[in-house]
Amino acid sequence: MATPSEATFEVAIAGGGPVGLMLAIELGRRGVRTLLLNDRPDTSPHPQANATQARTMEHYRRLGFADRIRATGLPPDYPTDICYFTRYAKHELARFSLPSSRDARAIVRQLGGSWSAAELPHRGSQMFIERVLLDEAGKLPSVSLRFGWRLADFEQRGDTVVLAAEPVAGAAIAGSAGSASVATEAPGPQRFEAAWLVACDGARSGVRRALGIGWTGETGVQRDFMGGRMMAMYFRSPDLYARIARPPAWMYWTFNAGRRSFMAAIDGVDAFVFHTQLREGEDPDRIDDEMLKAMFFETLGDRCRVELLSRSSWLAGHALVAERLRDGRVFLAGDAAHLFTPTGGLGYNTGVEDAVNLGWKLAAVIRDGAPPALLESYEAERRPAAIRNTGYARGFADSIGLYRPAEGLEDEGPRGETLRREAGERLLAHARAEFNIPGITFGTRYDGSPIVAPDGEAPPPDRADAYVPTSIPGGRAPHAWLPDGASLFDRFGFGFTLLEVAHDGREPVRDAPGGEGLAVPALHVPGLKHLQIDGDEARAAGLEGLYPRRYTLIRPDQVVAWRGDDLPGDVRPLMYGPAC
């Protein structure tokens, strides 16, 4: 039986996918006593999300393990192209070329404008990323990871949430992951208490259903593709690349009248995950392994050796957001809060942003004396962001799923060639729209948030394909590479940062020669870093244009909270809201 110290936590997390693990890391890095319950005994063994967007990579960089993430999955020199075929071993229709992970490290330092970033996207399976996140969470002494444990029930009682959890099989029963052991005999149900509970327990969230929180948006959308029941197969094939006989790609799509699908390369050697939309009359419960392989061979237009590793079915056609993201001391995040059709790769990445947003706010209330009213900003910021992103994903699904192949597309001869050329042009335009999305990646804004101080300047229009770096409060702080080769983001503090940029030849004001900081009460706040950039460095990095005010207050999630030319008398209300 757990001791009282083991049974009492400040935050409990239901669900150990990427969102739950990311939240545990954000809290654990801030010393928050955190319990994570996950009903699987280990991280996911089946490929799910395959695209880590650049903004998510920037957060991994902020936490110090972006390089570990980028080293997962495909080989460093493997291209991350997106290709469209009639069938994988037949006609290639279009190819949208993207860099390998090795090239991305070099290219990012040469980019500006919409792609001015500390990191570029990474194409790698979620199952590899979860392993890194689990390892990073396991290093944190304040985090207790209990994989193989199911949240059976919970009840809000005043200022606590009482949890009932029970082991599934092989439950980790001790401390943090770094010291956890596996029970030889599963202990019985246990009771835990936490000040807050966060549901990261997926699309079928038991927590959300127990709270009676429904969905808003649309579901059950029918399309020729990406709208209806889908089957997935994770498999190995040592000769598939030879059968395709084209330069390798990260993502393979088929476009034909018979069976539409997409497939992602997992390790660049012989592992792949294949998804196909079922046709009318195809019952997933009646499809055995050989039938599923036959569907793949139909899509391939050839046969090859296939070792089936795992399989699943899922439903495309969702664009759903929970009616609310909070009920008292319980919050929803990730797929428990929003559900996507996976076009654009937005679901997992939106969930990581949820974890980052909520993590620093919970820690501020628990550790830094911020008012509980700060937590009201979570729903105010993240629910509109979820509605925005599910809308973009729905648009991408319509673009690819409502576009039907013309009769004769696969025919040999001049007419077939013409149809394939036209389809290729249309599909390449779609690929650019779905996979070149800096506006979606970097352009989330929290205008109207109770902890964002507007200054009267209107933000740029919200566009998927373009991002305009701006320090207007409410959006991501603009990035720049500094003269010494460092990322500006690497200079920010882990908490709040007050960035002071010299303008008009004026250098940052220091309180004494060689001293750091300003001797003013506004800056006497724990966890606030005062970052000063002098005139030469600011001009070389182009910061004067990106940060036109002398002072810019940047939140722990790298969002601009306030800017101005004069310091306020007290910075705490700008950090945590008017209740301070």
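Start by selecting R68: at 35% relative accessibility it counts as partly exposed (20% to 50% relative accessible area, with buried being under 20% and exposed over 50%, using a 1.4 Å probe and protein chains only). This is a predicted model, where local features need pLDDT of at least 70 and side-chain atom pairs count only at pLDDT 80 or more, while totals for chains, interfaces and linings use all residues. Residues are numbered from 1 along each chain as its sequence is written, and side-chain values use heavy atoms, leaving out hydrogens and water.

E136 and R68 form a salt bridge, with their closest N and O atoms 2.9 Å apart (a side-chain nitrogen of Lys or Arg within 4 Å of a carboxyl oxygen of Asp or Glu). E136 sits in helix α6 (residues 126-138) and R68 in helix α4 (residues 66-70); helices are DSSP runs of H or I, at least four residues, and strands are runs of E, at least two, numbered from the N terminus. Select R29, D135 and K139 too, and you have a salt-bridge network that also includes R68 and E136.

Next, go to R550 and E500, another salt bridge at 2.9 Å. R550 is buried at 9%, and E500 is buried at 0%.

Finish with L553. Along with Y60, L553 touches the most other members of the largest nonpolar core, which has 83 residues (buried Ala, Val, Leu, Ile, Met, Phe, Trp, Tyr and Cys joined through side-chain atoms within 4.5 Å). Helix α10 (residues 346-367) gives the most to this core, 10 residues.
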